[in-house]
Amino acid sequence: MRHINVAVLGACGWMGRVHSNAYAAMARQFPEIQAKVHVRWLIDDNFAGATRAADGFPGSKASRDWADAASDPEVDLIDICLPDKLHYEVAKAALQAGKHVYCEKPLTDTTEQATELVALAQAKGLITRVGHGFPINPVHQLAREIIQSGKIGDVTLFRGAQHVDSHGSPDAPFIWRLDGDLARTGIVGDTGSHVFSFIDYLVGEVEEITAHCPVVFKERPEVEGAAYGSFSGGRNTGRRKAVTNPDLGMVLCRFKSGGVGTIDFSRIATGRRFMQRYEIYGTKGAITYDYDEITRLNVFYLNDANGEQGFRAIDVGPEIKDYRSFLPLANFGLGYNEVKALEASQVIQSIIDNLPAWPTFADAKRIVALVDACMASHASRQWEKVRS
Ligand SMILES: NC(=O)c1ccc[n+]([C@@H]2O[C@H](COP(=O)([O-])OP(=O)(O)OC[C@H]3O[C@@H](n4cnc5c(N)ncnc54)[C@H](O)[C@@H]3O)[C@@H](O)[C@H]2O)c1
């Protein structure tokens with residue numbers, strides 16, 4: 001039985017807590033995994049919170065300095081749940097120290113940074129993984145199998161969207177996600193990258209992009225203690241701060257395979273608490289997905305008998321192992337936290353087997369390149385080639 005020691009960075013935030021919970025549940029939820037996972041460090045600027053979180057992991061330590069994880073020879077895996085800007089610097093230090101790295105999305109601020117990390121990980125022979133967790137939901141394994149089997153033919157059109165309403169109100173407060181220094185690409189790297197992760201997983205590489213990614217609300221109230229989703233109805237304190245990254249993105253793309261895509265995403269879709277959808281049309285059929293029916297795929301085949309054609313709803317269930325890890329019956333629905341636990345379990349399995357699994361840093365670099373191309377196209381008002 002392997003022992004794998006993990007350091008969770010940004011342990012008190014949303015993702016830090018989601019990842020920590022995944023490790024805590026691993027032995028119960030994934031008994032087949034031949035490793036004992038120990039959370040050794042809980043690291044956060046919020047030292048009191050990290051200390052409290054460490055109470056949940058016997059033998060763990062709290063710190064406010066992420067360098068403690070990189071310099072600890074006992075740490076095997078560094079799990080980065082910090083704001084976007086820190087991903088590159090921390091992942092680089094972790095890889096240089098010989099640690100496997102699991103990093104939240106977007107991997108980096110720029111394609112150049114991602115390229116550097118990919119080369120470093122390859123040179124060191126380390127496992128890397130990025131938290132583009134949505135496609136890990138087993139329902140998308142089925143979508144991928146159907147597409148790769150050729151049953152819907154060649155993909156001609158992809159339509160994808162992801163919207164939240166955290167900042168629909170002009171008076172929803174400023175948070176770090178709206179700061180172009182801490183999150184260079186704003187909503188493009190935030191929710192746009194999730195739609196791009198579906199493109200990478202299901203459709204394939206993108207040749208070129210044109211995008212409009214404006215800052216819709218130029219400033220926001222500063223609200224003490226504001227966090228993602230808090231005070232989304234707005235709170236005007238009289239103090240305002242400039243928003244310095246995009247609020248929304250409208251994107252057209254052309255795939256290397258010849259099809260086209262249309263993608264939109266935002267944080268200002270008032271009333272859309274969380275919306276994520278895709279529609280994939282092919283020469284022989286189509287697939288559609290809506291997060292509101294989280295384990296259901298709608299599939300249409302042109303070769304169904306004339307008069308009997310129509311979308312059929314497939315509820316994935318325990319015939320897929322990753323679903324069976326949680327539930328014995330179909331259509332009970334997997335939650336966000338369960339899918340992230342699955343993702344964390346795959347990271348541990350990758351370390352045991354020394355076998356990378358999608359999305360590695362090399363895969364996530366393609367997603368960063370799409371984000372980069374959107375930012376470049378918005379600035380140039382032109383179609384931009386996606387760098388590979
Ligand atoms: N995969 C997903 O579905 C998903 C969902 C949400 C967030 N994310 C990504 O996860 C990352 C974190 O987002 P979040 O929503 O958890 O943010 P958050 O603000 O909830 O948490 C970030 C944590 O990092 C800590 N922190 C900030 N700077 C630090 C530093 N220098 N040293 C130590 N600790 C520091 C903060 O105190 C906070 O607790 C982001 O990159 C985001 O894009 C991914």
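How many bridges join strand S13 to strand S14? I looked it up: five, linking S13 (residues 274-282) and S14 (residues 285-290), which run antiparallel. Tyr278 has Tyr289 of S14 as its bridge partner.

Ground rules first. This is a predicted model, where local features need pLDDT of at least 70, side-chain atom pairs count only at pLDDT 80 or more, and totals for chains, interfaces and linings use all residues. Residues are numbered from 1 along each chain as its sequence is written. My helices (H or I, at least four residues) and strands (E, at least two) are DSSP runs, numbered from the N terminus.

Next, the sheet. I find an open one of nine strands with mixed pairing, ordered S16-S15-S14-S13-S7-S12-S11-S8-S17. Two strands pair if DSSP finds at least two bridges between them. Strands S16 (312-315) and S17 (384-385) are the edges, each pairing on one side only.

Then I checked what packs on the sheet. Helix H6 (residues 138-148) touches S7 (155-164), S13, S14, S15 (296-301) and S16, and its direction makes about 20° with that of S15. Contact here means C-beta atoms, placed from the backbone, within 7 Å. Angles run from 0 to 180 degrees between N-to-C directions, with axes fitted to C-alpha atoms, for helices over the stretch in contact.

Last, a helix pair. The axes of H4 (residues 84-96) and H5 (residues 111-124) come within 10 Å and cross at roughly 15°. That makes H4 roughly parallel to H5 (angles under 35 degrees). From H4, the contact uses Tyr88, Ala91, Lys92, Leu95 and Gln96; H5 brings Gln113, Leu117, Leu120, Ala121 and Lys124.

Terms used: Contact = placed C-beta atoms within 7 Å. Parallel < 35°, antiparallel > 145°, perpendicular 65-115°, else oblique.
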